[in-house]
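Here is a short tour for a first look at this structure. Keep the sequence and the 3D view side by side.

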Amino acid sequence: MTTDQIRINSTDTIDIKTDAIGIDSANTISINAQNLKKIYRRGSEEICAVNEVSLEIKKGEYVSFIGPSGSGKTTLINILGCLDNPSSGMLSIGQKKVFGEGKPLSEKLLTKIRRELFGYIFQKFYLIPTLTVIENVLLPCIFYKKEVADIKINGNNSDVAAMQRGAALLEMLGMENRMDHLPGQLSGGEMQRVAVARALINKPEILLADEPTGNLDSARSQEIGRLLRELNRKEQLTIILVTHNPELAKSADRIVELRDGRVFV
Amino acid sequence: MISLYKVSYKNILRKKTRSALTIVGIALSAWVLASLMGFNKGYEAALNKDIDNMGFQVMLMAKGCPYEAATLMLKGGTGLRYLKESVVASILSEPEVERITPMLMQAVFDPNKGESGGISAYLGVDPATFPNMKTFLEFKQGKWFTDPQSFEVVMGYESAELEQREVGDKLLIPEKNVELTVVGVLKRTGTQDDGTIFLPINTVQKIFGKEGEITSVGIKVKKEADISKFEERLYTIPDVQVVSLAQVKQTIMNLMSTAKVMVFSIAVVAILIAMVGVINTILMSVFERFQEIGILKSMGAMPGDIFKLIWIETLILCFLGGVAGSTMAYGLSKVTEILVRKLLPYAPTGSLIQLDVKLICITLISVLIIGLISGLYPAWRAASVRPLESIRSDIN
């Protein structure tokens, strides 16, 4: 079992097991947040974007966050996705405490956590227009190749293994005939499917989707909704979704509504 | 499999016109740099070759301006002052002297030369000593005259071509109405000898009424001799000007150094402009891809990965510009040489711009180093992008 030690501060470390992401099979909790708070300062004014939020997301659970603009959804997902440090509170992924040691984590350490645990999809897809579909999918492998359970990445064969995994993902998403196309030749729904394949290439434990249907028509939105549902069921992938689309939100196991930075029950 | 290099290369292709213009800017700088270095090497080599082809290291002539003397030595022309032929005997007694040859340069206006006439120069040389000093001269036809009193000429390659003369033909000296027989035509040397008409010195003295007079004395010094001490002793001879070839070279190089400083300054400015162009292009590209860089970081790219990505883009631009500029410098060196020759007050006869593999490599390495330096700031800016900032800018 390969272990990547991530140092939080001078004394403590988190052990992230690269084939199981530090979550042992018996543990059913994927994310545990306690009293998360995020305060922004604008001049002398303090804005509490996330206010004492506590929640648990189980492994393999599909949770959607809804709420009006400015309710703190994106800020919360950024903290849960290790894109940002909270002002206070605690966040554990698996049994490992990520935030809550008092000191904010460095950008480098956050990146290490992100690439081990998370896959991200965004409203604007962010495909590189000069790269083909398969090249876009394989892009994260340039920076990091995670040793995944189903395809053993080993030495020089890692490139071949990554290619195979990329091709398999595109096939699963019905994009096998579009591998050598450029993003400009694809529809919005197809581009988002490529973005999903890219997010899954390093086999993340948790998929964060921030308004993934914001740029799509209703038919394509439903298509992406079905895809996320399937991924959650078949791959046991934990999915955290932020959306304004009530139909899409309903496809999740659980809906969490946020208002004024608090979880609204 | 995709690599960082491939991503960088394809990023450059996103804005083709902008990238092409940046490459052109770098190429022009590389062209200037390579041509300048080639000129630096070529000019000195050509000057050294001209001086070596003189066949002697020290020249003695009547007192006058050293620049006039230099011009006379290297380009030919009329002798402004005369020495007594007796000076040859006194110099010959010096222990440093290995060989010595007296020369008498005369020129007349030839109305049939060219479209509106021109000056024809005749160099009287001693058949006993001059050929031994100019051993590198080879004949296309015929040979040197042997009789010091004969009315015979040996023509340089270009003068024979111009006058359309071969061995056995007659050559008339205008104004003097003296007919001479061509006994030899020299092969091309690439020096001023190509345009010279050689006669026995006694014949020139007789034709031009300059008996007992010469315009210069060429002296070949022994290898072990101390030339500077020898020159000092030569100055004890009244009314003579001593010009050593080292001195001639130094004089010309001094004249050239000002021009070189100016050209070098232009090259530095061109390089600085290219650097600013590269920084601007890459920085624009970083700002345009601000969100995308943030997303790459959210995918797991470390700051070092992003730094490398942007740095490679800079290097690719500089490499392509450097190769294009070096190729231009090499391919267009003849055109550059024609331009340089038009601008220079004096240019030696050999190739002025000598570009070789070493200089091309130096140019390419210099351009790449410039690229590495230029890419530092944009790469650092890109590496500093925080994914959260990019996502926020997306929301805004």
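With 13 C-beta neighbours inside 10 Å, A:Asn35 counts as partly exposed. The classes work like this: a residue is buried if 20 or more other C-beta atoms lie within 10 Å of its own, exposed if 12 or fewer, and partly exposed in between, with C-beta atoms placed from the backbone. A:Asn35 lies in strand β3 (residues 29–42) of chain A. Its phi is positive, about 50°, although A:Asn35 is not a glycine. Most residues other than glycine have a negative phi.

B:Gln164 also has a positive phi, near 50°, and is a residue other than glycine. B:Gln164 sits in the loop between α6 (157–163) and β7 (170–173) of chain B. B:Gln164 is exposed, with 7 other C-beta atoms within 10 Å.

## How to read the model

This is a predicted model, in which local features need pLDDT of at least 70, side-chain atom pairs count only at pLDDT 80 or more, and totals for chains, interfaces and linings use all residues. Residues are numbered from 1 along each chain as its sequence is written, while chains are lettered from A and ligands numbered from 1 in the order in which they are written.

Helices (H or I, at least four residues) and strands (E, at least two) are DSSP runs, numbered from the N terminus.

## Where the chains touch

The contact takes 27 residues from chain A and 26 residues from chain B. Two residues are in contact if their C-beta atoms, placed from the backbone, lie within 7 Å. On the side of chain A that touches chain B, α3(A) gives the most, with six residues. By class, that side of chain A has 15 nonpolar, four polar and eight charged residues. Here Ala, Val, Leu, Ile, Met, Phe, Trp, Tyr, Cys and Pro count as nonpolar, Asp, Glu, Lys and Arg as charged, and the others, Gly among them, as polar.

## The sheet of chain A

Six strands of chain A form an open sheet in the order β8-β9-β10-β5-β11-β12, with mixed pairing. Two strands pair if DSSP finds at least two bridges between them. β8 and β12 (262–264) of chain A stand at the edges, each with a single partner strand, so one side of each is left without a neighbour in the sheet.

β8(A) and β9 (residues 206–210) of chain A pair in the parallel sense over five bridges. In β9(A), A:Asp210 stands opposite A:Phe122. Helix α5 (residues 188–200) of chain A packs on the sheet, touching β8 and β9 of chain A. The direction of α5(A) makes about 165° with that of β8(A). For such angles, axes are lines fitted to C-alpha atoms, for helices over the stretch in contact, and values run from 0 to 180 degrees between N-to-C directions.

## A strand in chain B

Which residues of strand β6 (residues 152–155) of chain B point which way? B:Glu152 and B:Val154 point one way, B:Val153 and B:Met155 the other way, and all are buried. In a regular strand the side chains alternate between the two faces of the sheet.

β6(B) pairs with strand β8 (residues 178–186) of chain B in the parallel sense, over four bridges. There B:Gly184 is the bridge partner of B:Val154. Two bridges join β6(B) to strand β9 (residues 197–200) of chain B, and these strands run antiparallel. In β9(B), B:Phe198 stands opposite B:Val154.
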